[in-house]
Amino acid sequence: MSGFGGFVLRRAIGTVVTLFAISLIIYVVFYVTPGNVAQITCGPRCSPEQVHQVAQQLKLDDPLYVRYGHFLEGLFVGQDYSTGTSVQHCSAPCLGLSYQSDQQVTGIILAKLPVSLSLVFGAMVIWLVLGVGTGALSAWRRGRCTERALTAITLAGTATPVFVIGLILMIVVCGELQLLPFPQYVKFTDDPEQWAWNLLLPWLSLALIEAAPFARLTRASMLETLAEDHIRTFRAYGVGERSIVGRHALRGALAPVIALNANDFGSAVGGAVLTEALFGLPGIGQELVHAVNVVDLPVVVGMVLVIGFFVVVANAVADVLYAVADRRVVLT
């Protein structure tokens with residue numbers, strides 16, 4: 001197939017293949033390790049009977065390809081797990097059972113995922129507005145005091161850790177000025193207004209850090225676009241500078257911004273651990289840290305798979321949006 005439809009189909013097939021490769025790599029890394037995998041998975045306080053039960057659940061006596069096949073079977077069909085006195089069915093997509101709580105890993109992830117998505121989606125809107133707006137204004141006012149001030153602010157944002165910005169915001173906004181309450185996560189379905197108010201500071205903390213690279217990339221892309229021949233032609237015909245910047249130069253500079261945003265969004269779903277920990281948000285990052293500390297291997301594997309899924313899918317969507325912004329991509 002050729003054209004835009006063929007381009008989308010090729011990206012979809014590539015995404016599926018990449019997801020399969022990631023699942024295989026993650027499975028090998030976590031489950032094919034030196035030492036007693038069952039003992040590591042179960043924990044140091046497990047009895048020999050519990051270690052034996054874990055080994056049976058993991059099917060450690062089977063060849064690697066058989067064990068990976070069972071893993072894929074759980075993802076697409078589901079599996080039955082013995083909990084000692086009964087058998088529990090884990091519906092697809094099944095990522096196994098937690099060895100700390102005997103809960104299905106899929107259920108644990110689904111309970112934590114809305115918190116992380118709420119944090120990342122809200123912060124993404126703010127970092128795009130701040131980053132792209134700052135970068136465009138900096139390029140437009142090149143060589144003036146405005147550009148120097150914005151560049152200094154951008155560099156400061158890049159160098160400042162997220163927990164520092166978060167602490168400053170909480171001390172000033174919540175403590176001194178008392179404009180907002182200290183954040184406590186509220187479900188969107190319970191109270192949309194309180195959901196937004198309680199996430200405003202976490203959004204700003206994460207967005208102020210993420211906006212800095214977007215501002216620098218937008219500025220560099222805008223300056224490159226403004227130096228092209230068609231921009232000189234617009235100026236020769238008397239087109240206003242605001243129209244050139246807003247309608248032509250900015251659109252041409254958005255393609256790399258789309259790619260960067262997809263990568264940042266995917267990684268931020270599981271990478272905003274400091275933001276979640278600082279504001280007490282029970283998201284994916286917090287749960288992943290806890291699972292690593294207690295060596296709850298099924299939860300760790302499930303969380304890493306979900307994070308990898310978001311990174312791959314976000315980049316696939318970015319490729320499509322990149323092609324929409326620049327149709328020359330479809331021909332490659």
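Helices (H or I, at least four residues) and strands (E, at least two) are DSSP runs, numbered from the N terminus. The model is predicted, and local features need pLDDT of at least 70, side-chain atom pairs count only at pLDDT 80 or more, while totals for chains, interfaces and linings use all residues. Residues are numbered from 1 along each chain as its sequence is written, and side-chain values use heavy atoms, with hydrogens and water left out.

Two backbone features sit in loops. Gln178, in the loop between helix H7 (162-176) and H8, has a positive phi of about 55° although it is not a glycine. Ala92 and Pro93 are joined by a cis peptide bond, with omega about -5°; Pro93 belongs to the loop between strand S2 (87-91) and H5. Most residues other than glycine have a negative phi, and most peptide bonds are trans.

A pocket here is found on a 1 Å grid over the protein atoms alone, as an open set of points where a 1.4 Å probe fits, with protein on both sides within 12 Å along at least five of seven lines; lining residues have an atom within 4 Å of a point. The volume of the largest pocket is about 520 Å³, taken as the space filled by probe spheres set on the points. H1, H4, H5 and helix H13 (297-325) each supply at least two residues of its lining. The lining divides into 16 nonpolar, 3 polar and no charged residues, where Ala, Val, Leu, Ile, Met, Phe, Trp, Tyr, Cys and Pro count as nonpolar, Asp, Glu, Lys and Arg as charged, and the others, Gly among them, as polar.

Turn next to the helix pairs. Axes are lines fitted to C-alpha atoms, for helices over the stretch in contact, and angles run from 0 to 180 degrees between N-to-C directions. Helix H1 (residues 3-31) and helix H4 (residues 64-76) have axes that come within 11 Å and cross at roughly 125°. H1 and H4 are therefore oblique to each other (under 35 degrees is roughly parallel, over 145 roughly antiparallel, 65 to 115 roughly perpendicular and the rest oblique). In H1, Phe20, Ser23, Leu24, Tyr27, Val28 and Tyr31 meet Leu64, Arg67, Tyr68, Phe71, Leu72 and Phe76 in H4, contact meaning heavy atoms within 4.5 Å. This contact has 10 nonpolar, 1 polar and 1 charged residues.

H5 (residues 105-140) packs against H8 (residues 192-226) at about 35°, with the axes 4 Å apart. Their contact holds 23 nonpolar, 7 polar and 2 charged residues.

H5 also packs with helix H6 (residues 145-159), at an angle of about 145° and with axes 8 Å apart. Thr134, Leu137 and Ser138 of H5 make the contact with Thr146, Glu147, Leu150, Thr151 and Thr154 of H6. By class, these residues are 2 nonpolar, 5 polar and 1 charged.
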